[in-house]
Amino acid sequence: MPPFILISPATRGLSLALIRHYLRTTSLPVFGTYRPNPPSSESAQSRTPDSVREHILRPLSGANIDPSRLRVLPLDFASEESIAAAAAALEDALPKDAQSYIRIAFFLAGVLHPERQPADLVLENIVETFQLNAISHLLLIKHFSRFLPPASSTRSNAEDVLAKWVHVSARVGSISDNALGGWYWYRASKAALNQVIRTFDLHLQAKKLPAISVGLHPGTVKTDLSKAFWSSVKPGKLFEPEYAAERLAEVVDGLGSAQRGRVWDWKGEEVKP
């Protein structure tokens with residue numbers, strides 16, 4: 001098996017657009033994760049691998065895509081046991097007689113509880129925000145980073161085949177950019193994620209692995225997470241998921257060692273810490 005792409009999660013909004021984008025535009029195997037028991041607001045039934053694959057592949061039926069390239073793994077971001085089990089399932093799915101490593105990995109877990117003032121803070125929401133926006137990303141690093149190429153990999157042109165490890169963050173995680181206030185724990189959790197991105201990249205450098213860790217800010221994407229704010233977005237700045245996925249994939253393609261350990265927006269411009 002050649003290098004592969006990993007998108008986690010891969011069933012809604014931007015993540016769904018990303019996995020479909022890579023199925024359309026590459027010939028690589030693509031792995032996606034899904035929440036096996038979605039909240040009632042999403043579905044009344046538990047998901048199965050077959051139903052998730054059908055959901056992802058349905059609009060691609062005329063695109064001459066080999067459906068065997070797509071593999072899906074159940075993963076609940078609130079459970080380290082589930083994250084570890086998904087990593088073990090990925091290992092089992094990879095060939096035992098050949099080395100196969102991540103080429104591009106996107107991690108998009110996140111939730112938004114938009115507190116306007118301190119009185120709006122709710123402990124349950126604070127815990128959930130940090131669990132999904134920061135802690136789950138740390139656990140994904142813990143269990144999935146072993147699929148990055150090793151330092152011993154032979155490279156004819158290291159930049160051309162540099163593995164890209166990507167966490168989707170947000171501009172509001174920037175402390176220097178915070179001129180409006182509000183959104184206390186969403187801002188704090190994204191700032192924490194940005195520190196994780198930087199720290200993991202330093203680890204990759206120390207281990208001399210042919211990989212970089214970066215963050216991406218996709219802008220305001222037309223998904224359920226941002227739905228309450230669509231009316232306040234400036235004209236031309238509310239992006240369809242498919243457009244955002246194309247822009248992020250383009251930015252990732254252009255990132256190299258000189259851009260590592262930092263956060264970039266959908267235009268390819270750096271988001272300052």
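## Aromatic pairs

In this predicted model, Phe144 has a relative accessibility of 1% and therefore counts as buried, the cut-off being under 20%. Phe147, at 5% relative accessibility, likewise counts as buried. The number of aromatic pairs in the structure comes to nine. One of them joins the rings of Phe144 and Phe147, whose centres lie 6.1 Å apart and whose planes meet at 50°, so that this pair is classed as tilted, given that edge-to-face requires planes over 60 degrees apart and stacked requires them under 30.

The rings of Trp183 and Tyr186 form a further pair, with centres 5.8 Å apart and planes at 80°, and this pair is therefore edge-to-face. Trp183 has a relative accessibility of 19% and so counts as buried, while Tyr186 counts as buried because its relative accessibility is 9%. Elsewhere, ring pairs link Phe107, Trp165 and Phe200 into a cluster.

## Helix H5

Helix H5 runs over residues 184–206 and has 23 residues. From its first C-alpha to its last, H5 reaches 33 Å, which is close to the 33 Å expected at 1.5 Å a residue.

Just after H5, Lys208 adopts a positive phi of about 60°.

Is Lys164 buried or exposed, and which side chain of opposite charge is nearest? Lys164 is buried and yet has no salt bridge, the nearest side chain of opposite charge being that of Asp253, which is 5.5 Å away. A salt bridge would need a side-chain nitrogen within 4 Å of a carboxyl oxygen.

The side chain of Lys164 instead reaches the backbone oxygen of Val252, at 2.8 Å. Leaving aside residues up to four places away in sequence, Lys164 touches Val252 and Asp253, and also Arg103, Ile104, Ala105, Ile212 and Leu255.

Notes: Residues numbered from 1 in each chain as written. Predicted model: local features only at pLDDT ≥ 70, side-chain atom pairs only at ≥ 80, totals over all residues. Heavy atoms only, no water. Buried < 20%, exposed > 50% of the residue type's maximum accessible area, 1.4 Å probe, protein only. Lys, Arg positive; Asp, Glu negative; His and termini not counted. Polar contact = N/O pair within 3.5 Å; in protein donor to acceptor, adjacent residues only side chain to side chain. Contact = heavy atoms within 4.5 Å. Helix = DSSP H or I, 4+ residues; strand = E, 2+ residues; numbered from the N terminus. Expected span 1.5 Å × (residues − 1). Phe/Tyr/Trp six-rings, centres within 6.5 Å; stacked < 30°, edge-to-face > 60°.
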